[in-house]
Every structure is written in structure tokens, then in C-alpha cells.
Amino acid sequence: MAATYEYRTCPDTGFKIDLNADKLIKWNAVSAVVFLLIGGFFGLLVALTRWPTVHLLDAELFYLALTAHGVDILLVWLIFFEMALLYFCSSVLLQCRLATPKFGWLAYWLMLGGAAMGNVAVLMGESSVMFTSYVPMKASPLFYLGLILFAVGALIVCFVFFGTLVIAKKEKTYEGSVPLVTFGAIVAAIIAVYTIVSGAVILIPTLAWSLGLIPYIDTLLYKVIWWGLGHSSQQINVSAQIACWYAVAAIVFGAKPISEKVCRTAFLMYILFLQLASAHHLLVEPGLTSEFKIFNTSYAFYLAVFGSMMHGLTVPGAMELAQRRKGYTKGLFEWLRKAPWGNPAFSGTFLSIVIFGFLGGITGVVMGTEQLNLIMHNTIYVPGHFHATTAGGTTLAFMALSYWLVPTLWQRELWAPGLAKIQPYLFGIGVTGIALFQMGAGTLGVSRRHWDMTFADATLTYDYPAAAHLMMALNGVFAIIAAIGGGLFCIQMVLTIIGKKKAAPAEAPAAPAAEALTGHGHGAGLAVPGTFVLALIFLTTFVLYYFVNWKYLSEVWILS
Amino acid sequence: MAIFPPSEKVWWNEPVERTEALWIGICLVWAMILFFMMPYWHIVGQQNLSNEAYKIPLADQGAESDPSQRFVGEAYEAKVEAYVAANTIREEGDTGIPVVKATDSGDVYMLGRLWDWYPILELEKGKSYRFHLSSLDWLHGWSLQPTNINIQVHPGYEMIFNVTPTETGEFGVVCNEFCGIGHHNMLGKIYVK
């Protein structure tokens, strides 16, 4: 028998929402947006400093801003938002009460306190050690402690999430299997546990070392374990972001996965193999063998990449199928042309898929190839890649979902629907430019995390090609566009939340269990030919770019 | 819909659609090609990073002095100084930085420290060298420009790789791992005749 709990019924969706979950989702999501604003601002300062003719900050402030940008965006913004998603995908989607809400609040305050502590440590100027905080460079103990508290909070949320799944199963609030989106969230949560444990294993001794309790931490050991945190936390993002893609496809189009089996198997590949990617950061390190590098960097025969390529087909495929059922069947692409490009939930999601796949995915694989890494490691190509994945992919996917989630959850009208229409494009174009020009500059050898590419104060001299300077300037220009896009999102969300109440919907909401679209034809031909053509374009780009880089590599000095 | 439980209770029995089946096949083949390329390049390619590295024993890292400074590669520094003393051919302009040729056995040494690469090397095109590389203090990134070869340098680890320059000229060695406030001034140089 189901236990009683306080809930409200969402007037738009008919979902029963546990009041505790409701509040926790809202607080986590708002905190996320606040840190996106702070972290994004630091990012803009960084980009303007790396624009050679602008060169905004002095060196000390630059390294400080870069550290804050990395921590606030890569950890705080993304993980806070993911916590909101975990509550949503468990309690709301499964229509059940939230497990141990008090622990949810404990976790929230731990995370907020940790994030604040980390920021204070960085702003005091004693902890400009970058997001990665490689030993033996030492930050103030407050910095490590802040990160640890934040991570412990996130770990607690994962267990509240798992507890909620158990409650839903026990109280039979759903039939059969969990929804695909919840399945994706489960994958994200499992990876999160692994990630946070790796973080604890390395950050707790590092804290002890910064307090003088441990004399020495091996630098290679640190890097191997730290990237179990650093890279795996990006795998939480990937899983969460793909869950968002499926959610938006369902919400906007009423889309149903082409087949549950394929989507879920693709997610399973993530649990099995994604964590090996710690090795992506260790390909030009001394003391590790080629066998270790090859097996790990390929996520065991590229089976995790295989998983991502499946999602790349099945998400737009589900949209295409739904559109074709609505009658958009002309040619290969009528379904896409007639898609709601003015709806930011859709446009944001579609841009996220394209940017993540074409810019983030392909370059990630290229860069993570044992030998190819030699011509890219630690150049600004690396941030080019991960801006495409975390900003263009994850952040944009989260923004897109927010355009539906925030007005629905808060029951508010969007503050400025006109701005909402263009915001995903602004941010998407900005991030695309950032990614492309950083990668371009990186190909010309420009270093990442570097204050002065002219080496004005160095004893010796080295001049990067003029094209590299131009690309760093263009990176600055597109960072401004992305910052405007990101800023508009944050303002939109805040003003929507404190803004006008939504009018009650004209008609009673459809019962959520209604299955608008079921099955797909198994007649002759392909069910989603348009998506298949897009997938082939993607594959062609991938193959060409991959082998172009082998060509580049073959032209550098001989190494053995 | 993906936000509701699947309509089929046992979704595993749903048939896989033809587009998906086709794409699965293509992706598996591509995944195998991606994997195959790395071992393949070890056999036919000429750009493979060596696996040769030595941990500099802790005892040689100043263990008796300040334990927090154990990572300082004093042993490696001594080795580089001996190499420089024996093989210096000239000084770089008025900077006082030695320009050093390879030993008779073809060994060259470089060290990274806050904030320079030391010493400057002079190599010959087409000749193969055993290149020794380590750091005296923090992590550094050895980035040969404009060739764009990038190798991570750890304190406490001496990495040795074989290198053959394929072009002549003056090459910069940038540091591309953040190493504190002087990071952007950390430059080195390699001449190839």
C-alpha cells in the first residue's frame, strides 16, 4: 500500500509532485543557475584576457579567474542541475514520494556550503591551482575541503535518488520498467557514485597533505585518480544530457524511442566503459605503458563511443518518427524543416545534439587516440573540445529542458518569450565559435591555461603564427556572444520565477499515462531515413577528420 | 514516450528497427577501426611515445632534508649539470644560457623547472637521439613549437624517448602545463642544424 505524503498535482502535466521533491528541485536548480552566472562571468574574463590585443586581466587575476571558471562551471553548475534532475526523474516521473527528504536538505546545504567555501578559497587568491589542482602545487586547505563537502552532498543525493527508486518499486507507483529518461538518470547516478568515490580517494589525502599531515603525494598517482573524478564527472553530464534529449523529444513531439532495447543498451555501455576515460588525460605521461593507454583510452574497444553514436541516431530518430506520424512525411527532411524551431526547448536540444556530436564527440575521440594526443595534449585544442561537450552539449541541453521545466514547475509565464526564442541560437553560435577557434589555435600549438601568448616577459622568445593570434581574438568575440546568450538565460529564468503566474490551462490536462504514439511500422524501407542520412554525414565527417589528424601526426618529428 | 514507462512490459522483446540495426553494424565496424589504428601505428607509424621511464628514487630526492620537498629531482639536476658541463658548445646571446650538443652516445638532457627549460639543445636533422626529460619541482608541459609535439613532464619521473628531428631551424619549447605565476614566461629552445 502506498504511504501517504503531501503532494500537489501539476496543472499542465497531471503529475503528482511530492512537495519535498518540488522544493528540492527548485532550490537545486536555482543554485545551479546562480553558479552558471558566476562561472560564466569568470569565463568571459578569461576569454577577454586571452584575446591578445585586449588582454584584460593581469596574470594573477587571470589564473584566479580561470580556476573559478573551471570549478563553478564544470562542477558546481552542472552537478547542482543534475541533482535537480535526479529528484525530477525519480520522485516526479515515477509519481512517488521522495525518500528521506531531510537528507536531501542536508545534501543541499553541504553542497552549497562546499561550493561557497571553494569560491572563497579561490577568490582569496591562495588557491589559483586550476580546476585540476595537480600536486605538488598547493591550494589552501579550504579549497580541497570545499570540494569534498560539495562531493559528499552530491553523494547523499545519489542515495536519496536510489532510495526513491526503491520506494517507487515497492509501492508499485509504475508498471513494468522505469521510463527511459529515469533509466538515463540512473546511469548518471551510478557514474556519479564512482566519480565521487574517486574524488574522495584523492582529495582527502590531498587535504591532509595541504595541512601538513602527509609529506608527499606522487604526481602520477594523483593524476590517475583525480581524472577518475575529473573525467567521470563529465560522463555524469553526458548521461544526464542524453536523458534530457529524450525528455525534450517526448515533451515537444510526444516522441517514443524507436526501440527501448537499443536506447537502454546504449546507456548500459556508459556504465560499463565510460569510466576508463581517465586515461584520456594520461596519454603523454611517463610511467604508463602503451597497453594501458590503448585499452583505457578506447573505453575498451570504443564501446562507449559506440553507445554515444547510438544515441546520436536514436534521439533525432525518435523525433523524426513522431513527426512522420503527424504527417510530415515529404522527402527526407520535412519532419526537420517543420520542427518547432521557435521553441527553445526544441532548438536548444537540437543544437546541443549537433554541437555535442560534431564538435565535441569527434574531437574527443581524435584527441583520445594514443598517438594523436601527442599533437594536441594541453594545447588550447583541449578546452576547444570540452567547451563543445560541456557548454554546447550539456549546458545547452539543460537550458533547453529548463524552458519547459521552470515554467511548468513554478507555474509561471516565461518572462520574455521573444528572447527565449533566440537565446539557444545565441549561446549555440557563441559556443560553436569558441570551440572552433580554440581548436584552430590549438592546432597551431597555442597553450591552454596561459596568460601571455606573446611571451613578452620571457628571457627567450617564441612567436606563434599570426593566424593563432587572430583565432584567439575570434575566440574572444564568440565568448562575448556566448556570454550574452548565457546571461539572457540566467536572467530569463530568475525573472520568470519571480514573475507572472501562469493562467490556468483552458482544459483539463490529459492523463500522463496516455501513450500518444505506439510502435512503429515494420514495413519495407527505413523508419527514419532522414536521421539515417544525418548519421551518415556525421560518420563521413568523423572518418575524414580522424584520418586528417593521422596525416598531421605523420608529418612531425620521428619519435619512438 | 520516454518520460513514461515503456508500453511493452518486456521491452527487450521489441524488434530492433532496420535503421538502428544498420547503424549498429556501421558503428561497430568503425569502433573496431578506431581501436585497430593505435596498435597498427605502433607497428608502421613513426610517431609513438616511448614507454621508457624511471622513477627517481625518493632517497635521491632530498628525503633527508625537508620531507615536503621530496619530489625535487636533485639526482636528475646533478645529471643534467654534468651533461651541460661536458657538452656545452656556446652561450645563447647575452642570456648566459648554455647551448649544448648531444653526448657521443646520442643522449640529450633537458629539465623543466620554475620557470625555464634548461639547457638549450643543438641537434642535427635526421640523427636519432635519446631524449631525457624530467622536472625539478612541479608538473610542466613540454611543447615543441611550431612542430607541435606535446609531452607531460612529472617531477620524480625521468622519461626517455627517441627523437629524430626531420627539419632544420629554431624551435621553441613552450610550457603548456600551468605551473604558477611565471608559467607564461617559461620558454626553452632547440636548434636543429
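This is a predicted model: local features need pLDDT of at least 70, side-chain atom pairs count only at pLDDT 80 or more; totals for chains, interfaces and linings use all residues.
The interface between the two chains involves 117 residues of chain A, which are in contact with 95 residues of chain B. Together the chains bury about 9,800 Å², and 68% of this area lies on carbon and sulfur atoms. On the side of chain A, the residues that lose the most area to chain B are A:Leu460, A:Trp557 and A:Ile558, which together account for 10% of what that side buries. Polar interactions are also present across the interface: 42 residue pairs are in polar contact, with both residues at pLDDT 80 or more. Helix α16 of chain A (residues 529-554) supplies eleven residues, the largest share of the side of chain A that touches chain B. By residue class, that side of chain A comprises 69 nonpolar, 31 polar and 17 charged residues. The number of salt bridges between chain A and chain B is two. A salt bridge joins the side chains of A:Arg449 and B:Glu177, with an N to O distance of 3.5 Å.

Strand β3 of chain A (residues 558-559) pairs with strand β10 of chain B (residues 157-164) in the antiparallel sense, over two bridges. Within this pairing, A:Ile558 has B:Thr164 as its bridge partner, and A:Leu559 has B:Val163. A:Ile558 is also among the residues of chain A that lose the most area to chain B.

Strand β1 of chain B (residues 53-55) pairs with β10(B) in the antiparallel sense over three bridges, and B:Ala53 has B:Met159 as its bridge partner in β10(B). Strand β7 of chain B (residues 129-135) likewise pairs with β10(B) in the antiparallel sense, here over five bridges. In β10(B), B:Phe161 stands opposite B:Phe131. Because seven of its eight residues are buried, β10(B) is largely enclosed by the rest of the structure. In a regular strand, side chains alternate between the two faces of the sheet.

Another strand of chain B, β4 (residues 107-113), contains B:Val108. This residue is buried, with a relative accessible area of 0%. Beyond its neighbours up to four places away in sequence, B:Val108 touches B:Tyr83, B:Ala102, B:Leu121, B:Leu123, B:Tyr129, B:Arg130, B:Phe131 and B:His132. One of these contacts, B:Arg130, is 22 residues from B:Val108 in sequence, and their C-alpha atoms are 6.1 Å apart. Another, B:Phe131, is the residue that stands opposite B:Phe161 in β10(B).

Several loop residues of chain A are also buried. A:Ser298 is located in the loop between α9 and α10 (299-325) of chain A, and its relative accessible area is 0%, so A:Ser298 counts as buried. The side chain of A:Ser298 reaches the backbone nitrogen of A:Phe301 at a distance of 3.2 Å. With neighbours within four places in sequence left aside, A:Ser298 is in contact with A:Lys293 and A:Leu303 of chain A and with B:Phe35 and B:Met38 of chain B.

A:Gln275 lies in the loop between α8 (260-273) and α9 (290-297) of chain A. With a relative accessible area of 13%, A:Gln275 is buried, since this value falls under 20%. Residues up to four places away in sequence not being counted, A:Gln275 touches A:Ile191, A:Tyr194, A:Ser232 and A:Tyr270. The C-alpha atom of A:Gln275 is separated by 7.6 Å from that of A:Gln235, although the two residues are 40 positions apart along the chain.

A:Ser140 occupies the loop between α3 (101-123) and α4 (141-170) of chain A. This serine is buried as well, with a relative accessible area of 15%. Apart from neighbours within four places in sequence, A:Ser140 is in contact with A:Ala121, A:Glu126 and A:Ser127.

Note on methods: Residues are numbered from 1 along each chain as its sequence is written. Chains are lettered from A and ligands numbered from 1 in the order in which they are written. Side-chain values use heavy atoms; hydrogens and water are left out. Contact means heavy atoms within 4.5 Å. Buried area is the accessible area (1.4 Å probe) that two parts lose on being put together, summed over both. A salt bridge is a side-chain nitrogen of Lys or Arg within 4 Å of a carboxyl oxygen of Asp or Glu. A polar contact is a pair of N or O atoms within 3.5 Å; within protein, one must be able to donate a hydrogen and the other to accept it, and residues adjacent in sequence count only if both atoms are side-chain atoms. Helices (H or I, at least four residues) and strands (E, at least two) are DSSP runs, numbered from the N terminus. Ala, Val, Leu, Ile, Met, Phe, Trp, Tyr, Cys and Pro count as nonpolar, Asp, Glu, Lys and Arg as charged, and the others, Gly among them, as polar. Two strands pair if DSSP finds at least two bridges between them. Buried means under 20% relative accessible area, exposed over 50%, partly exposed in between (1.4 Å probe, protein chains only).
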